[in-house]
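Subject: Structure handover and findings

Dear colleague,

Please find below the structure that I am handing over to you. A summary of the findings follows it.

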Amino acid sequence: MTHPPANGAAPQAGLRATNARRTREAIQASALRLAAERGYEATTVEDVAADAGVSRRTVFNYFPTKADLILRAPQVPTQAEVEAFVASDGELLPDLLGLITHAVAPMASDAEDFQRLRRVLRDAPGIFPELQSRVRLVQSVIRAALARRLGADLDSPRVITAAALATTLHRAAFELWAGDGGDPGADAPCDGAAPSSRASAAPETLAEALDLVTASLHDILDNPTAPAATRKDHA
């Protein structure tokens, strides 16, 4: 006969999970900052452990490789998230953007960290293919979910167009939010390219930037001849 857990078991489990998440975030924050300051190759796991106040063993418990310390890659949507998207009767584009936004959350928590990641990728282009492979995996899962929702083949024009549109809007939102060329997982970093500074009036969050980009898209579609009309009015 099994006995129910003690009343304090659930809170303790929640506390352990919270502490583990904070430790993981502290380790990765230290790694990204040090790599941006010193360079990826010059930053050691021992440096990261000392800066984060943990042991070398603890670092490897959370991050199997040195590259894992740096790469804040998108997370693959869970099966529950995919099924919710497929079954939704809401508007397609907002739902699709929401699914992508959740996937890229690890990359979009802080604009300065995002720019640090770009600097590290410029310094160590050898780790870029790993980031790209993770991005492609997420894209493939989302595209498959999109095809299911539309009841279409993966290579149908509707699926390709919707996926490309959502991806482009997200890249624009990344650039508006953090500057520095948009999504670091989309294109190889340019050798020797200087990182652009973040605009002083940039949106505070990626979600705000995405709202602005989406509103701009609707404005462009609703007013396709606005620039020409403006020029005529001032002629």
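In which helix is Gln139 found? Gln139 is found in helix H8. Helices are DSSP runs of H or I with at least four residues, strands are runs of E with at least two, and both are numbered from the N terminus.

Two remarks on the source come before the rest. This is a predicted model, in which local features need pLDDT of at least 70 and side-chain atom pairs count only at pLDDT 80 or more, while totals for chains, interfaces and linings use all residues. Residues are numbered from 1 along each chain as its sequence is written, and side-chain values use heavy atoms, with hydrogens and water left out.

Overall composition

The protein has 11 helices and 0 strands. Of its 235 residues, 36% count as buried. Buried means under 20% relative accessible area, exposed means over 50%, and partly exposed lies in between, with a 1.4 Å probe and protein chains only.

Gln139 is partly exposed, with a relative accessible area of 40%. Leu92, in helix H6 (residues 92-103), counts as partly exposed at 25% relative accessibility. Leu92 and Leu146 are 54 residues apart in sequence, and their C-alpha atoms are 9.0 Å apart in space.

Aromatic rings

A search of the whole structure finds 3 aromatic pairs. Rings of Phe, Tyr and Trp (its six-membered ring) pair if their centres lie within 6.5 Å; planes under 30 degrees apart count as stacked, over 60 as edge-to-face and the rest as tilted. Why does the pair of Phe114 and Phe174 count as stacked? The ring centres of Phe114 and Phe174 are 5.0 Å apart and the planes stand at 20°, so this pair is stacked. Since Phe114 belongs to helix H7 (residues 111-123) and Phe174 to helix H9 (residues 157-178), the pair ties together parts that are 60 residues apart in sequence. Phe114 and Phe174 are both buried. Ring pairs also bring in Trp177, linking Phe114, Phe174 and Trp177 into a cluster.

Charges over rings

A charge sits over a ring if NZ of Lys or CZ of Arg is within 6 Å of the ring centre and within 35 degrees of the ring normal. The charged end of Lys66 sits over the ring of Tyr40, at 4.5 Å from the ring centre. The charged end of Arg149 is likewise placed over the ring of Phe85, 4.9 Å from the centre of that ring.

Annotated region

An unreviewed UniProt entry places the feature "DNA-binding region" at residues 44-63; such positions are given in the numbering used here, feature names are shortened, and annotations may be inferred rather than shown by experiment. In the model, residues 44-63 are 75% helix and 0% strand, and the end C-alpha atoms of the span lie 13 Å apart.

Yours sincerely
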